[in-house]
Amino acid sequence: MPTDPVFRAHAVKDGSGGGSVTVNVPTGTVNGDLMIWYLLSTGATPATPAGWNLITSATLSGGICTWWWRRALSEPASYTAGPVGGNAYYSSSIISLYVTT
């Protein structure tokens, strides 16, 4: 029987601004880990990065909050997300890493 996910690590990129944001994959990531990527932006909803799955995107008073997930598999050093269109400012981006069995 699977157990609840357990938090392992995270990587943060704050205040990057511009049309895209790059955030590092958390240190200690191994194949099979559950990765959750949270991104707060303004101006445009970001496109889902290749290999990631959209959980949800919601417009709040502070901007557009978007969450994606993926299972780690031979991860690169970082991932980049960009807006669908228009000028966007990214104020926060976090990839959190969870261990599941």
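A residue counts as buried when its relative accessible area is under 20%. In this predicted model, Trp37 has 0% relative accessibility and therefore counts as buried. Trp37 belongs to an aromatic cluster together with Trp52, Trp68 and Tyr79, and Arg70 lies over the face of one of these rings, that of Trp52.

**Aromatic pairs and cluster**

- The structure holds 6 aromatic pairs.
- One of them joins Trp37 and Trp68 in an edge-to-face arrangement, with 5.1 Å centre to centre and 65° between the planes.
- This pair links distant parts of the chain, since Trp37 is in strand β3 and Trp68 in strand β5, 31 residues apart.
- Both Trp37 and Trp68 are buried.
- Trp37 also pairs with Tyr79; this pair is tilted, at 6.2 Å centre to centre with 50° between the planes.
- Because Trp37 lies in strand β3 and Tyr79 in strand β6, the pair ties together parts that are 42 residues apart in sequence.
- Tyr79 has a relative accessible area of 11% and is therefore buried.

**Nonpolar core**

- The largest nonpolar core contains 16 residues, of which Met35, Trp37, Trp52, Tyr79 and Ile95 touch the most other members.
- Strands β1 (6-14), β2 (21-24), β3 (34-42), β6 (78-81) and β7 (89-99) each supply at least two residues of this core.
- In soluble globular proteins, nonpolar side chains tend to be buried together.

- Arg70 is located in strand β5, which spans residues 63-71.
- With 11% relative accessibility, Arg70 falls under the cut-off and so counts as buried.
- The Arg70 side chain reaches the backbone oxygen of Gly51 at 3.1 Å.
- A polar contact at 3.5 Å connects the side chains of Arg70 and Tyr79.
- Arg70 is placed over the face of Trp52, 5.8 Å from the ring centre.
- Leaving aside residues up to four places away in sequence, Arg70 touches Asp33, Leu34, Met35, Ala50, Gly51, Trp52, Asn53, Glu75 and Tyr79.

**Pairing of β4 and β5**

- Strand β4 (residues 53-60) runs antiparallel to β5, and 7 bridges join the two.
- Ser57 has Thr66 of β5 as its bridge partner.

Note on methods:
Residues numbered from 1 in each chain as written. Predicted model: local features only at pLDDT ≥ 70, side-chain atom pairs only at ≥ 80, totals over all residues. Heavy atoms only, no water. Helix = DSSP H or I, 4+ residues; strand = E, 2+ residues; numbered from the N terminus. Buried < 20%, exposed > 50% of the residue type's maximum accessible area, 1.4 Å probe, protein only. Polar contact = N/O pair within 3.5 Å; in protein donor to acceptor, adjacent residues only side chain to side chain. Contact = heavy atoms within 4.5 Å. Core = buried A, V, L, I, M, F, W, Y, C linked by side-chain atoms within 4.5 Å. Pairing = 2+ DSSP bridges. Phe/Tyr/Trp six-rings, centres within 6.5 Å; stacked < 30°, edge-to-face > 60°. Lys NZ or Arg CZ within 6 Å of the ring centre and 35° of its normal.
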